[in-house]
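This report takes up a few local features of the backbone and the surface. Please have the sequence and the coordinates open while reading.

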Amino acid sequence: MTIAPGATLGILGGGQLGRMIASAAARLGLKVHVYNDDPASPAFEVAAFSTCASFEDAAALEAFARAVNVVTYEFENVPSDAAALVSRFAPLRPGAQALATAQDRLAEKSFVAGLGIETAPFAAIDDLAGLEAAVARMGRPCVLKTRRFGYDGKGQVTIRDGSDLAQAYEAIGRAPAILEGFVPFAGEYSVVAARGADGSFAAFELCENVHRDHILALTRVPADAADSTRDEAAAIARAIADALDYVGVFAVELFLLREGDGAERLLVNEIAPRVHNSGHWTDSGAVTSQFEQHVRAVCGWPLGSCARLGAVEMVNLVGDACEKWRAILADPAARLTLYGKAQARPGRKMGHVTYLR
Ligand code: AMP
């Protein structure tokens, strides 16, 4: 079915990512229907239609899916039953395979390694004895992560010399887990890219990310990396997208290693099957924003240009940093986006600023 302006895009999830996708969709003449379980969802405020119901509510999910022309999501923990149900009534883009792969760190790393792309060494952990054996094999330091529901450093613990393994396993709730070798990276990078419904592909430029307290603090483009590294990042993204028959925008989080002779190597840490915080710079730093690109892809429209417009820095406003909004607005180089969240709690992403120079 052809989707044209005037059609309705359904979005599962109602956070700031959904809010920014909805705004981009409205700009292209689409109507947006947001489905989320929290009445205080930032995306509800900018959508033509909204449904506030649980992701277990089959009747509400069916009514939502019947009311829209295509469904996408803005968070990767959409329950698989909800995704399956919705996709019976409307195309779900990206599809269930991408969701299932990205939801489980073991499936994700196995998938990436299966494509011949380098990751940290990893092992599946199902009990304490397995953890002890894997740590003995892999050596310390290493990182223990839950297979599911980890984000911004939650659900993970670094095992160092002297760390007690029983305590580490306890700290992640004795959940099914993955143990990873510690990567002595020179920096954290990411590539945000899109694959269209016709298999077309477009990648934004490689970007460099700085984290504070496990939360993305800023993204810089152009990144400090060799041209061959940028090309490799785009090739990695393309291989992943093709193998998943992916439709939409996604991000690949990467570690960059620098050898003694300066040679660079990329390792994949994670795939985010959605628009991504490290792509927010595109809202004013690229010809097409990642949000518009996602809308174009899931509607089956031509992808837009990923060309960069200048040197860009995107700074996240975390917690009470958003209180400086007036000073930010007074800076002619700054473009401010606020997510409309009522309460600025520590660690909560309230908005971001894109500086274009
Ligand atoms: P993740 O939840 O996998 O994105 O991990 C959160 C952060 O922990 C990353 O951004 C890195 O800073 C760090 N980290 C995760 N895995 C590793 C690893 N295998 N080696 C070194 N640092 C890691």
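## Cis peptide bonds

Pro141 lies in the loop that runs between helix α6 (128-138) and strand β6 (142-146), in what is a predicted model. The peptide bond joining Arg140 to Pro141 is cis, with an omega of about -5 degrees.

A cis peptide bond also joins Arg93 and Pro94, and its omega is about -5 degrees. Pro94 is placed in the loop between two helices, α3 (80-86) and α4 (96-103).

## Positive phi values

Arg174, which is not a glycine, has a positive phi near 50 degrees, and this residue is found in the loop between α7 (165-171) and β8 (177-181).

A glycine with a positive phi, Gly300, follows helix α10, and its value is near 80 degrees.

## Helix α10

Helix α10 covers residues 290-298 and is mostly covered, since eight of its nine residues are buried. The buried residues begin with the run Gln290, Phe291, Glu292, Gln293, His294 and Val295, and they also include Ala297 and Val298. In general, an α-helix has 3.6 residues a turn, so residues three or four places apart point the same way.

## Cysteines

How many disulfides does the distance rule give? The count comes to zero, where the rule asks for a pair of cysteine sulfur atoms within 2.5 Å. Cys142 is buried, because its relative accessible area of 0% is under 20%; Cys322 is buried as well, with a relative accessible area of 12%.

## A patch of negative charge

On the surface, Asp37, Asp38, Glu56 and Asp81 gather in a patch of negative charge. One of these residues, Asp38, is found in the loop between β2 (31-36) and β3 (49-52).

Note on methods
Residues are numbered from 1 along each chain as its sequence is written. This is a predicted model: local features need pLDDT of at least 70, side-chain atom pairs count only at pLDDT 80 or more; totals for chains, interfaces and linings use all residues. Side-chain values use heavy atoms; hydrogens and water are left out. Patches are made of residues with over 30% relative accessible area and no salt bridge: like charges are joined within 9 Å, nonpolar side chains (Val, Leu, Ile, Met, Phe, Trp, Tyr) within 5 Å. Accessible areas come from the Shrake-Rupley method with a 1.4 Å probe; for residues, only the protein chains shown count as cover. A salt bridge is a side-chain nitrogen of Lys or Arg within 4 Å of a carboxyl oxygen of Asp or Glu. Lys and Arg count as positive and Asp and Glu as negative; His and the chain ends are not counted. The place of a charge is taken as NZ of Lys, CZ of Arg, CG of Asp or CD of Glu. Helices (H or I, at least four residues) and strands (E, at least two) are DSSP runs, numbered from the N terminus. Buried means under 20% relative accessible area, exposed over 50%, partly exposed in between (1.4 Å probe, protein chains only).
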